[in-house]
Every structure is written in structure tokens, then in C-alpha cells.
Amino acid sequence: MIAPDAAAELRAEKRFDLVAAILIGAIAVLAGVLAVIQIGASQAATRADLQAARLASDLSARISVSEQAIDSGLGSQQFALILGMEAAARQLAGVENSDASTTAVGQAQESAYQKLTAALTAMSATTGGAPVDPYTAGLLGATTKQLLTELAEQNRQVDLASAAGTHEQLAVLGLSLLALAGVLTGLAAVLREGRGGRISLSAACAVAASSGLLAILAVV
Amino acid sequence: MAGEMLELSASEVEGVVVSEVIVGDHEPSPERGRGGVAILLTVAAVVAALIGFRAALISHSASDSWQSALRTDVKRSAAAMEDVSYLYQTELPIAMRIVEARIVQGEMLAAAQGQSGASKQGLLLEAGVEAEIITGLSPSSPLATGADYALASGGLDLGKRLADLRAQHPESLALDPDGLEATGDHLAHKAEMMTFALLPTSAAAFLGVLSQPFRRRRLLLLRLGAVALAGGAAMALIVEVLA
């Protein structure tokens, strides 16, 4: 003879086992999914972070080097202008004082000024030119437009790193909750069918569901 | 007979769950296939651990390469900045003064040719002053005195001088942060592909666990689990070898 409530007990036990088994399986699958998300997000965050640092370093180098080249060019032009002004001053002084010697020196300086200006133009053309390596040439020839473009990209990488970091945090939180769900499922398996076991299993289901939600949020 | 009756009455109450609740003569033995479940779950756990470990290692290598790319980039830019700074801030101001003195001296001497008396003396005096400047500064300016750097216009080839300065440290020219970054990208892609192998492996674990309560379909679930596990392991091996 089978006791009247034997079937009900058996069904309850089977249902408990089934829920526990599905939950463990779901935890295994979620762990796999969250691991994929976490590693992907971690790599994306690391890469974007380092790319942002590289671009910041490159921007700094480009600004410094191109400024030096520009400053040097302006300094050289000042050399020539001073010579030109000195030439004009001497010629004026020579005319005012009727001093042929000073006028002659001023005229020679004027001619030297013209030649120096031409020499400087030729020198400027060699800045960053062959046979300078492409990297250094790029630093020397950096334009404001290029720098602004690079700055925008650097800012974009910072934003990317921040977003990927958030996704990684969500995935890690999901994995932590998943571990908790695993522990609760284990506890339910120990307590078996009964109030404590059912509460533990229900809590494990809720925590695993939260973990699944975090996995979705980490992807979106 | 009793088992069939129980199944019938239970099905009226429980629906889906009852399809697996079989007691009596037709219920498969609870022990049947349990060894298979244990083996599948154990192997799935080991394979998942190996895949996770390998993916973490590859990911770490990718991160190392990216870090190295950053360090190399900083090193390369520092070397370039040092050479540029030396040329434009240390060498060029002295060389410019020499270039100016040479041009002015040449013009003074040329003008003196057509002059006489005080004018000629004044021009020669100015040329003499410039000559003294040239003599005084030249020993300290390889840029202004190097014949290779002289331009026809009287100026200096700054590009050639900078290339020569850079060539003094060939190791800094050989630095390739972009190559390191590309290596990091490749490794990161490989790690990501490797982690995808975790999905069929965890599906295998899911099927293995599921086969425990579903006794009737245990063998089918175990076979599917084995296929998923084999797929995950094969995927990991392919990524390891080919990627």
C-alpha cells in the first residue's frame, strides 16, 4: 500500500530537485556568460585607458616639440630683423651726419639682412624634412588642427575606458551575486525540502535572477 | 499498475513536473547514468577552469603588451624631445649667430672692395668684428662648422643635423610602440575568443545538472552535454592553435 500523502511528498521532493538542478545549471551558464563579459569589458577598459595615456603623452610631445621649432623660427627671424633695423639706423645716421663710412656699413648690413632672410627661409624649409625619421618629423610638423583631432580622440578613449570600467564592475558584481546564489543553492541542498530549504532556494533564484539582470546591463 | 495510477492522478495536479515523476515498474533506476553525470560535471569544471586560466593568461599578456606600448611611447617621445631640444635650444642659437656673422662679414668685405679711405676702413673693421665672432663661436658649434649641414643660401640643413643627432641613438629609433600595441590587440582578441569557449562548456554543465532530475532523458542530456563539452574544448584548442 502507498500512503495517501506519499505521492505529494514525492512530487514536492522532485520539484525541489528539479528547481535546484535548473538553478545550478543556470548558475553555470550565467557564470560562463559573465566571465566572457567581464574579460571583454576588462580588456576594453585597459586598452582604452592605456590608449588615452598614450595619446596624452603623444600630445604633450607634439606640443612641446612643435612649439620649440616655432619658437626657434621666430627667434631666428628676430635675429634678421635686428640686423635689418641696425642697417636702417646706420644708414639714417650716415645720411644725417654726412658720414659716408657709416652709410656704407649700413648699406652692407642691409644687403646682409636680405641674404640672411633668404638663408632663414631655406633653413626653415629643412625643419622636419628628410632624412629626419617620420615620427620626429610628425612631432615637428604638428599643426593645431592635428592636435585638436588627437585631443578629441584622447577624450573619447577616456570616455570609453570609463564606460567599459562600469560594464566590468557590473559583470564582477554579477559574478559575486552568482557565487552567493551558488552558496544558497548548496545550503538548500543541505536543508532539503522544508521551510529553510525552500527559503534558501527561493533566495538563490532571486539572487541568480539579479545576476542575470546585471549580465544584461553589462552588455547594454 | 499502481505506478500508472499514481502518474495519472499526479498529472492532473502538477502538469509539466509530473512528466518526470514516475514511480513503479517503468521508472528508470536513480543510479543509472549517475556516473556519467559525475564525469560530465567534473570534466566540464576542469575544462572550464583550464579555459578560464588560459584566457586570463592571454588577457594578462595583452595587458602587458599595451602597458609596454605606453612605456615605449613615452621613452621614444622623451628621446625625440631631447634631440630636438638640443638642436633648437642649444645648438641653433650659437649657429645662427655664426651664420649671421658670416653673411655680414661677406657683405662687408664685398662692399669694401669698391670703397676707399674711411669707408673701406669702416667696412673692414666691421668685417673684422664679425670674423672674431665666427672664430670665437665656431669651436663650440658642430652645426655651423659641419660641411654637410651648409646650404647654398648660407643657411644650415636642420633636418640633416637632427637626423644625425637621432642616429646617435639608434635604439631609440628602433622603438615601436605601435607594434607592441598591435600585439596586445591580437592577444586580447585571442583571449576574448578563448572565453567564448566557456559558453558551450557551461552549457555542458547545465545539461549535466539537468540530467539528474530528468531520469528518463538522462542519457540524451548527458550525450548532448558531452557534445557541448567537446565543442567547447575543441573551440578552445582551435583558438589556442590558430588565433
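**Exercise 1. Which residues of helix 7 of chain B are buried?**

Before we start, a word on the model: it is predicted, local features need pLDDT of at least 70, side-chain atom pairs count only at pLDDT 80 or more, and totals for chains, interfaces and linings use all residues. Residues are numbered from 1 along each chain as its sequence is written, chains are lettered from A and ligands numbered from 1 in the order in which they are written, and side-chain values use heavy atoms, with hydrogens and water left out.

*Solution.* Start with the terms. Helices (H or I, at least four residues) and strands (E, at least two) are DSSP runs, numbered from the N terminus. Buried means under 20% relative accessible area, exposed over 50%, and partly exposed in between (1.4 Å probe, protein chains only). By that rule, the buried residues of helix 7 of chain B are B:Pro177, B:Glu181, B:Gly184, B:Leu187, B:Ala188, B:Lys190, B:Ala191, B:Met194 and B:Thr195.

**Exercise 2. Find the contacts of B:Arg76, leaving aside its neighbours within four places in sequence.**

*Solution.* First locate the residue: B:Arg76 is found in helix 2 (residues 34-113) of chain B. Next, its accessibility: B:Arg76 counts as buried because its relative accessibility is 12%. Contact means heavy atoms within 4.5 Å. With those neighbours set aside, B:Arg76 is in contact with A:Arg54, A:Tyr135, B:Arg166, B:Ser172, B:Leu175 and B:Pro177. B:Pro177 is also one of the buried residues of helix 7 of chain B.

**Exercise 3. Describe how helix 2 of chain A packs with helix 3 of chain B.**

*Solution.* Axes are lines fitted to C-alpha atoms, for helices over the stretch in contact, and angles run from 0 to 180 degrees between N-to-C directions. Helix 2 (residues 100-126) of chain A and helix 3 (residues 117-137) of chain B pack at about 45°, with their axes 8 Å apart. On the chain A side, the contact is made by A:Ala100, A:Ser101, A:Ala104, A:Val105 and A:Ala108. Helix 3 of chain B contributes B:Ala118, B:Ser119, B:Gly122, B:Leu123 and B:Glu126.

**Exercise 4. Sum up chain B by its secondary structure and its buried share.**

*Solution.* Chain B has 9 helices and 0 strands. Of its 243 residues, 42% are buried.
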